[in-house]
Amino acid sequence: MREIVESTLISLDGVVDDPGSWALDYFDEQFLQEAYELLKGCDAMLMGRGTYDDLSWRWPGQKGDFADAINGIRKYVFSSTLERAEWNNSVVVRGDAVEEVRALKESGDGDLVVFGHGQLSRTLLEHGLLDRFRFAVHPVVVGGGPKTPLSLVGTHSRRSGVVVLNHRVDGR
């Protein structure tokens, strides 16, 4: 059975919403290569309406390996309000998300990827359908105040699995 991998962009203060407003400064060649490698191992993307709305206008017409991969991959959009999905290779799924995803998980060879941690991810997690998480922690604080970039000054991981990130406010 194939796995479902959630790949989420997150700020240091835990914000996952609207990454287009704070994460784009970090979309460098390495980021795009890693995202491309993730998509290469997947047969399809699963997404809710919000993720579809955020990505479907941003990637068509873009160039490069990642753009080709995200535009070409099969996309299942779980929404009760989206009339139709215009983005290449997208299909709107209106049925029971849990049952539909279970069926997708049991068929095919490549993994399935979910970008972001929205309602779809929470539902999949609640029903034991998510297998792996990939968090890209961005060195910026964005919630509840001005966007504040930070510089990494140290890291270490604990045997418990906790990862400690030590950052300094830029310019201080």
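This is a predicted model: local features need pLDDT of at least 70, side-chain atom pairs count only at pLDDT 80 or more; totals for chains, interfaces and linings use all residues.
Start with the largest pocket, which holds about 500 Å³ of space. Its lining is made up of 26 residues, and those nearest the centre are Leu 9, Pro 19, Asp 54, Phe 115 and Gly 116. Strand E1 (4-11) and helices H1 (29-40), H2 (49-56) and H3 (65-72) are the elements that each give two or more residues to this lining. H2 gives the most, with four residues. Sorted by class, the lining has 13 nonpolar, eight polar and five charged residues.

The loop between H2 and H3 contains Gly 64. Gly 64 has a relative accessible area of 34%, so this residue counts as partly exposed. Gln 33 is 31 residues from Gly 64 in sequence, and their C-alpha atoms are 9.7 Å apart.

Side chains of opposite charge can pair when their charged atoms come close. The whole structure has 11 salt bridges. In one of them, Arg 132 pairs with Glu 3, with 2.9 Å between the closest N and O atoms. Arg 132 belongs to strand E6 and Glu 3 to the segment before E1, so the bridge ties together parts 129 residues apart in sequence. Glu 3 and Arg 132 are also linked with Asp 111 in a network of salt bridges.

Another salt bridge joins Glu 37 and Lys 40, whose closest N and O atoms are 3.4 Å apart. Both lie in helix H1, and because they are three residues apart, about one helical turn separates them.

Lys 105 forms a salt bridge with Asp 131, at 2.8 Å between the closest N and O atoms. Lys 105 lies in helix H4 and Asp 131 in the loop between H5 and E6, so this pair ties together parts 26 residues apart in sequence. Lys 105 is buried, at 6% relative accessible area, whereas Asp 131 is partly exposed, at 34%.

Notes
Residues are numbered from 1 along each chain as its sequence is written. Side-chain values use heavy atoms; hydrogens and water are left out. On a 1 Å grid over the protein atoms alone, a cavity is a set of points where a 1.4 Å probe fits but cannot get out, and a pocket is an open set with protein on both sides within 12 Å along at least five of seven lines; lining residues have an atom within 4 Å of a point. Grid points are joined across faces, edges and corners, and a volume is the space filled by probe spheres set on the points. Ala, Val, Leu, Ile, Met, Phe, Trp, Tyr, Cys and Pro count as nonpolar, Asp, Glu, Lys and Arg as charged, and the others, Gly among them, as polar. Buried means under 20% relative accessible area, exposed over 50%, partly exposed in between (1.4 Å probe, protein chains only). A salt bridge is a side-chain nitrogen of Lys or Arg within 4 Å of a carboxyl oxygen of Asp or Glu.
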